[in-house]
Amino acid sequence: MKKILDGMVVLDLTRFFSGPQATLLLAGLGAEVIKVDDPATGDPTTFSPPFVGPKGVSFERRTQQDMGIAYLKRARAKKSICLDLKSAEGKRIFRRLAAHADVVIENFSVGVAAKLGVDYASLASINPALVHCSLTGYGSTGPDSQLKAYDLMVQAAVGLMGITGHPDAPPVKAGSPLSDAIAGVFAATGIVSALLHRQRTGEGQAVDVSMADCLFSLMFDEPFDCYDALRIPQRQGSRIMRFSPFNNYASQDGWVVIGAATKADWVALLQVMGRDDLLDDPDMMDLSWRLANNERVDAVVAEWTRTRASADIVQQLHAAHIPCSPVRTMADALSWPQLLARGMIQPLWNPLSAGHTDASGPGFPVKFSATPADYTAPAPLPGEHSAEVLQRLGGCSLDELRALGESGVVSGIGITPP
C-alpha cells in the first residue's frame, strides 16, 4: 500500500533536532525527504558524539564505521545530497530542485534563508505551489526573532523551567528537549495542512513555526496566570493543582504515580487503601478542601504506598480501575511490553558498518488503519543520493555532475573524484 504522502518531494535544509524531527515524521508518512547538506561540513550530527559502531556506544569515535546516534535516528527513511548553497552554482541547482519540489523546510536563523536565496519569496517566484516552512526559536517576526535559541533557552523563555521542579528547589528543564520535539511535530502538521490547502486551491504558502510558540501553546492550557490569586506556588513538583491526590509517591522499592481525577477514583482509592473511615469525612470528600490541603491528602496516600512494593500497588490499583503507573527508568521503558507491542522501539542500522547497532530509535507514533506509516529505510550515507536526485530532479548530466564534483559544489557517491 502507498503511504499518505507518497509522491511528495521535501527538500530538507534543517539541522540538529527540531527540523529533522519534522522531516522524520514526513518521511514516515511516505514523503521523499531529501536532506541537503554542505559538502564541506555535512550534517553536524553525522559524526558527533555519542557514537555507535562495531565496538558499541562511546563518546569517542573508536572505529571508522562509528556514526552519531542522533544522525542514525533522525535521518531514517531520508535521502542525502551534498550541495554548496553558498556558491552561485549550488544556488542555481537548488532552484532547479525547488521547481520540482512540493516542500522546502529550513531552520536557519532569521534572515539566513533570504541571504542564501532559499526563502519563500525567492522560491515561490519559480514554484508558486511550493509549501515553504521556516522553523526558528522565536518565530520570523517579533522583537526577539533574531535571537539564537536552543531548547534550554526556549524552556526558560516561555516559563517551562519556572514551573518545573518542587516549590523549594531551583527551576529545572524538562528531561528531554521538548521544545525541539514539539516544534517538529507542529511543523509537520503545518506542512501537511498547507499541502491540503494547496490541493484545494492550487496555492502554496509560507509556514512560520516558532519553538517558543509551540511549547507555550501546550503549556498554557493550565491556568498559570491564576496561580498567584489561588495562592499556590508556580512549581508544583509532580502535581496537577486541579486534582487531589495526583502525585508521585515512594513505594518500598521505587516510586509510583497515582491520580484521582474524579470522585469515583477517590472513593475507589480510599477503599483499596482500607481507609473507608474517610468516606464519611466531609473535608476529605470535598475536592476544594483537598486541593487547599493537598499535603494532608498526600500524607494519607504516602502512608499506604511506602509499605508496599510498586508492582503490588499497581496491580491493586489497576484492578480497581484507578489511574496509576510505576515510575520506570528508561531501561524499564525500553523493555515495557506495551511499547514493544506498538513497534515503538526500533533497532538502528549503521550504513557504514552495514549492521544493526547497540542503539535504538523510536518507531512511528501514529497508526493508520488503511495506510502504513513507518521508517522503512535507515539513515543514508552522506551524499548517497546526490547523483540520482540531481539527475532526476535537477536535470544534471553526468558531465555536469563530474564538473560539479571537481569544483566541490556537489559531493556524494559516484560524484566526488578520488
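In which helix do Arg402 and Asp399 both lie, and how many residues apart are they? Both lie in helix H18, three residues apart, about one turn of the helix. The model is predicted: local features need pLDDT of at least 70, side-chain atom pairs count only at pLDDT 80 or more, and totals for chains, interfaces and linings use all residues. Residues are numbered from 1 along each chain as its sequence is written, and side-chain values use heavy atoms, with hydrogens and water left out.

**Stop 1: helix H18**

Select residues 398-407, which make up H18; helices (H or I, at least four residues) and strands (E, at least two) are DSSP runs, numbered from the N terminus. Display the side chains of Arg402 and Asp399, which form a salt bridge with the closest N and O atoms 2.6 Å apart. A salt bridge here is a side-chain nitrogen of Lys or Arg within 4 Å of a carboxyl oxygen of Asp or Glu. Arg402 counts as partly exposed at 44% relative accessibility, whereas Asp399 counts as exposed at 55%. The terms refer to relative accessible area: buried is under 20%, exposed is over 50%, and partly exposed lies in between (1.4 Å probe, protein chains only).

Next, colour Leu401, Leu404 and Gly405, the buried residues of H18. They cover an arc of only 100 degrees around the axis, which puts them on the same side of H18; the arc is that of the directions from the helix axis to the C-beta atoms. On the other side, Asp399, Glu406 and Ser407 are exposed. The cover over the buried residues includes helix H3 (88-98), helix H17 (386-392) and strand E15 (410-411), where contact means heavy atoms within 4.5 Å. After H18 comes Gly408, with a positive phi near 85 degrees.

**Stop 2: from H18 to H3**

Select Glu400 and Arg92, whose side chains meet in a salt bridge (3.1 Å, N to O). This pair links distant parts of the chain, with Glu400 in helix H18 and Arg92 in helix H3, 308 residues apart. Arg92 is partly exposed, at 32% relative accessibility.

**Stop 3: the loops around H10**

Move to Glu222 and Arg242, which are joined by a salt bridge (2.8 Å, N to O). Glu222 belongs to the loop between helix H9 (211-219) and helix H10 (227-230), and Arg242 to the loop between H10 and strand E10 (246-250), 20 residues apart. Is Glu222 buried or exposed? Glu222 is buried, with a relative accessible area of 10%, while Arg242 is partly exposed at 34%.

**Stop 4: helix H14**

Select residues 310-319 and highlight Ser310, Ile313, Val314 and Leu317, the buried residues of H14. Their arc of only 95 degrees around the axis puts them on the same side of H14. Ala311, Gln315 and Ala319 are exposed on the face turned away from that buried side. Among the elements covering the buried residues are strand E11 (255-259) and helix H11 (263-272). Just after H14, select His321, which has a positive phi of about 60 degrees.

**Stop 5: aromatic rings**

Display Phe216 and Phe220, a stacked aromatic pair with 4.9 Å centre to centre and 20 degrees between the planes. Rings of Phe, Tyr and Trp (its six-membered ring) pair if their centres lie within 6.5 Å; planes under 30 degrees apart count as stacked, over 60 as edge-to-face and the rest as tilted. Phe216 is partly exposed at 36% relative accessibility, and Phe220 is partly exposed at 39%.
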